[in-house]
Amino acid sequence: MSTTLLSVDGLSPKLAHLSDLVDRYASPEFAVAHGGRVQTIAAGHYTVHGLSRHVRLGEFVAHKSATGIHLGEVVRVEPELIYVCPIEPGEPIGIHDTVIRKGAFRISPTDSWCGRTVNSLCEPIDGLGPITEGLDRRSISNTAPPSMTRKRVETGFKTGVRAIDIFSPLCLGQRLGIFAGSGVGKSTLLSMLARADAFDKVVIALVGERGREVREFIEDTLGSNMKKAIAVVATSDESPMLRKMAPLTAVTIAEHFRDKGENVLFIVDSVTRFAHAIREVATASGEPPIARGYPASVFTELPRLLERAGPGPEGAGTITAIISILVDGDNHNDPIADSTRGILDGHIVLQRSLAEEGRYPPIDPLASISRLARKAWTPDQEKLVSRLKVLIHRFEETRDLRMIGGYRQGADPDLDMAIKQVPIIYDVLKQSPGDRDSLDAFADLAGALKAAAGMGNQGAPIQRRG
């Protein structure tokens, strides 16, 4: 090549132009020049011809219609067609409309988002004006850190809820599930846990919630804690795509703060409605069901979401996840409950029968388990809790016998003690959202038992149940 053909940058104008073309066609914008066209339209999805070679499963495309540009997610790819689920409900779609590739959906969290409420696309919905974008640009489809690079979970913290701090204590970086049927009190308990002081940031995903409850949760429950919280909301009337994206957007925001070294509380209410949204999307794309109407992709997406929470790599912070699971028909062995129970590091079981008795939060201390409790208890506390569970078990298994007068006092010393002490324990565990948080649940329990013992020694009657 003659040196007279070279430009000052070392390339001829023709070679420089060729280099620009290579850069352009190697980028996602290549698909823009060869935009696809809508070919068929069905309830829940539409198909596009001409983009199959340029998009990947889970990427986003932009559909140009008469009302503007609308996003959709690629849920199926065939040699000649791609299947797209629109993000926005009621989007006007016409045959031969132009569709172009957008790539993975990315967000740019920053500290200025604290105190704000956004939708699944990170668009503000609180009426406080636009939000600013940070420099850290992240895909909402990130994967969890490699298992061997993650820190160990070691440090316990107090939630302020006595029933949890005594029987199922939590650690920073733990993932806990709250299992209950509808109307038993999951959201109320989540609101109490959201006030914990152990965290630098709180990220909340409200998935499929009633629209009227969003402001109540944010303004009444969080209150002053909202200044360190970010809420991602997708109500029940929004599209399944937005409901599916809400937890993914929220956990991506939590990962941003975790990687800065902060301890983050990540709340999802509820992961069952997240699974329902995945089911709707998968069914629309033609995926067959395998378990009670749920397709296989549901059981792939659940661990991918939940594993992103937990401790970060060395030098990073933690994401403590509290996930609510709506148990359909009070069946604690339905597919979603059974799958999430095996992934999480513990579960809190709320019983409808306890709620009907007026015991709130209606936590069953015998059915609830924290797999990391030993890292939060002292050895003496562990022995005490083991003894308390024995007394509660004896009290509950003999309830019917005592109701018909079939038990004589003095026949079983353990049962005599259970009859005296378990009602006091139940009273201590009662706690409403308006009550002050417990600073030391074990001290509260010890004080109540000592006070009752003093009254008993003076001849005052001890309250009995059953």
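How much space lies in the largest cavity? About 40 Å³. The legends below take this cavity and several other sites in turn. The model is predicted.

**Figure 1. The whole protein chain.** The chain has 466 residues, and buried residues make up 51% of them. It holds 15 helices and 21 strands. Along its principal axes, the C-alpha trace spans about 110 × 50 × 40 Å.

**Figure 2. The largest cavity and its lining.** A search of the whole structure for cavities of 30 Å³ or more finds 1. About 40 Å³ of space lies in the largest cavity. Its lining is made of Leu-354, Arg-359, Pro-361, Pro-362, Ile-363, Tyr-426, Leu-429 and Lys-430. Of these residues, 6 are nonpolar and 2 are charged, and no polar residue takes part. Which domains supply the lining? Domain 2 (105–375) and domain 3 (378–448) each give at least three residues.

**Figure 3. A cis peptide bond at the cavity lining.** Pro-361 is one of the residues that line the largest cavity. A cis peptide bond joins Tyr-360 to Pro-361, with omega about -5°. Pro-361 sits in a loop. That loop runs between helix H10 (352–356) and strand S21 (369–370).

Figure 4. Ser-270 belongs to the loop between strand S15 (263–269) and helix H7 (271–284).

**Figure 5. The barrel of strands.** In what order do the 6 strands close into a barrel? The order is S1-S2-S5-S4-S3-S6, and the pairing is antiparallel. From one strand to the next, the twist averages 45°. Strands of a sheet pair through backbone hydrogen bonds, in a parallel or an antiparallel way.

**Figure 6. Two paired strands, S4 and S5.** Strand S4 covers residues 68–77, and strand S5 covers residues 81–86. The two pair in the antiparallel sense over 5 bridges. Which residue of S5 is the bridge partner of Arg-76? The partner is Tyr-83.

Figure 7. His-96 lies in the loop between S5 and strand S6 (98–103). Phi of His-96 is near 75°, a positive value in a residue other than glycine. Is His-96 buried or exposed? His-96 counts as exposed because its relative accessible area is 56%, and the exposed class starts over 50%.

**Figure 8. Arg-292 between two strands.** Arg-292 is found in the loop that runs from strand S16 (289–291) to strand S17 (294–295). Phi of Arg-292 is near 50°. The value is positive, and the residue is not glycine. With a relative accessible area of 60%, Arg-292 is exposed.

**Figure 9. Arg-212 and Thr-235.** Arg-212 lies in helix H5 (residues 211–222). The residue is exposed, with a relative accessible area of 55%. Thr-235 is 23 residues away from Arg-212 along the chain.

Notes:
Residues numbered from 1 in each chain as written. Predicted model: local features only at pLDDT ≥ 70, side-chain atom pairs only at ≥ 80, totals over all residues. Heavy atoms only, no water. 1 Å grid on protein atoms, 1.4 Å probe; cavity = no way out; pocket = protein on both sides within 12 Å on 5 of 7 lines; lining within 4 Å. Points joined across faces, edges and corners; volume = space filled by probe spheres on them. Nonpolar A, V, L, I, M, F, W, Y, C, P; charged D, E, K, R; others polar. Domains from an automatic or database assignment. Pairing = 2+ DSSP bridges. Helix = DSSP H or I, 4+ residues; strand = E, 2+ residues; numbered from the N terminus. Axes fitted to C-alpha atoms, helices over the stretch in contact; angles between N-to-C directions. Buried < 20%, exposed > 50% of the residue type's maximum accessible area, 1.4 Å probe, protein only.
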